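Me: I am new to reading protein models. Please take me through one, feature by feature.

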Amino acid sequence: MALSAASEPLRAANRLAGRSLYEWHLISATGEPVQSSSGFRLQPDGGLDHPATFDAVIVVASLNVADFHEAPVFRWLRQQERAGSEIGAVSTASLLLARAGLLKGYKFTIHWEMAQDLMEEFPDLKPSRTLFVIDRKRFTCGGGIAGLDMMLTFIARQFGSTLAAGVAEQFLYTHIRSADDSQRIDVVGRYGTTSPALVTALTLMEQSIEQPLEIRHIAVRSGVTERQLERLFASHLGATPGRFYMNLRLREAKRLLSETDTPLTEVALRCGFTSPSHFGRCFRQAFQQTPRQSRQ
């Protein structure tokens with residue numbers, strides 16, 4: 001999705017314009033085929049020794065970027081930047097730009113799941129939570145379909161909003177989102193509730209994973225009693241507030257175990273468990289496996 005959303009708008013722009021407005025090349029680190037997350041094999045045009053010069057380079061990454069530390073790739077990106085290329089990143093690839101030293105002093109974004117991981121590794125960098133960011137010669141987006149919005153913005157800037165709208169309609173995309181739109185569906189849309197108290201409680205829980213709040217404090221801040229909050233969770237979500245909150249933290253732990261190399265003890269702490277043994281018991285009860293087995 002990340003690759004297609006960044007490249008297909010260019011193809012459609014050429015088609016609608018009736019001429020070649022854009023040309024693109026697919027490059028892998030070695031020049032060898034790359035397998036996508038879906039299992040499709042992509043044949044690149046070459047490797048880092050590709051002779052073409054580029055107006056822009058877009059780095060595309062998906063899961064499992066935590067262990068990507070390929071110095072030749074980072075060096076090549078810095079060379080492209082010095083040669084005048086604009087440098088972009090899609091989805092989790094902003095982490096790779098950070099490792100290449102190409103984000104310092106720039107505004108940027110990254111997929112919401114990886115934001116905390118990036119800030120842990122680079123405390124001086126703080127990603128935006130918006131769909132995409134264009135800051136001088138850097139452009140980044142959160143991935144998924146956000147790449148389409150970002151490329152439509154580029155097309156509009158370079159060749160006019162009429163062409164950009166035409167490209168959007170080619171993909172039956174009837175609303176071009178702005179850079180400032182949020183990456184995530186709001187709580188109302190995600191949980192299907194319009195109860196103000198429940199929306200406030202869910203928001204507080206999602207924002208307090210590492211340092212969990214007491215349920216009674218969540219109730220007070222939501223403007224209801226603890227008993228009323230329990231009734232709301234039971235009727236709308238089929239769980240107690242405590243159980244729902246625990247499952248929320250455990251799902252985040254499972255994501256960290258599968259997509260990062262964060263040590264188990266740190267995963268526990270980042271998900272609000274001060275005791276690794278307590279974390280292990282809760283995790284095993286929820287997923288019928290230990291955290292270590294889940295990572296393996």
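Reply: Start inside: both Phe139 and Phe154 are buried. Buried means under 20% relative accessible area, exposed means over 50%, and partly exposed is in between (1.4 Å probe, protein chains only). This is a predicted model: local features need pLDDT of at least 70, side-chain atom pairs count only at pLDDT 80 or more, and totals for chains, interfaces and linings use all residues. Residues are numbered from 1 along each chain as its sequence is written, and side-chain values use heavy atoms, with hydrogens and water left out.

Me: How much of the protein is buried?

Reply: Of its 296 residues, 44% count as buried.

Me: Which helices and strands hold the pair Phe139 and Phe154?

Reply: Helices (H or I, at least four residues) and strands (E, at least two) are DSSP runs, numbered from the N terminus. The protein has 14 helices and six strands. Phe139 sits in strand β6 (residues 138–141), and Phe154 in helix α5 (residues 146–159). They are 15 residues apart, so the pair links distant parts of the chain.

Me: What describes a pair of aromatic rings?

Reply: The distance of the centres and the angle of the planes. Rings of Phe, Tyr and Trp (its six-membered ring) pair if their centres lie within 6.5 Å. Planes under 30 degrees apart count as stacked, over 60 as edge-to-face and the rest as tilted. By this rule there are seven aromatic pairs. Phe139 and Phe154 are edge-to-face, at 4.9 Å centre to centre with 80 degrees between the planes. Phe233 and Phe244 are edge-to-face too, at 5.6 Å and 65 degrees. Phe233 lies in helix α10 (residues 226–237) and Phe244 in helix α11 (residues 241–259), so this pair ties together parts eleven residues apart in sequence.

Me: Are Phe233 and Phe244 buried or exposed?

Reply: Phe233 has 0% relative accessibility, so it counts as buried. Phe244, at 11%, counts as buried as well.

Me: What does Phe233 touch?

Reply: Contact means heavy atoms within 4.5 Å. Not counting residues up to four places away in sequence, Phe233 touches several residues, including Leu198, Met205, Pro241 and Phe244.

Me: What is a nonpolar core?

Reply: In soluble globular proteins, nonpolar side chains tend to be buried together. A nonpolar core is a set of buried Ala, Val, Leu, Ile, Met, Phe, Trp, Tyr and Cys residues joined through side-chain atoms within 4.5 Å. Here the largest has 32 residues. Among those with the most contacts inside it are Met205, Phe233 and Phe279. Elements that give it two or more residues include α8 (196–207), α9 (215–222) and α13 (276–287). The most comes from α11, with eight residues. Apart from this core lies another, of 26 residues, among them Ile110 and Phe122.

Me: How many disulfides does the structure hold?

Reply: A disulfide is a covalent bond between the sulfur atoms of two cysteines. The test is a pair of cysteine sulfur atoms within 2.5 Å. This structure holds zero. Take Cys282: the nearest cysteine sulfur, that of Cys271, is 12 Å away. Cys282 is buried, with a relative accessible area of 13%.

Me: Where do charges sit over rings?

Reply: The rule is NZ of Lys or CZ of Arg within 6 Å of the ring centre and within 35 degrees of the ring normal. Arg138 lies over the face of Tyr106, at 4.3 Å from the ring centre. Lys254 lies over the face of Phe287, at 4.8 Å.
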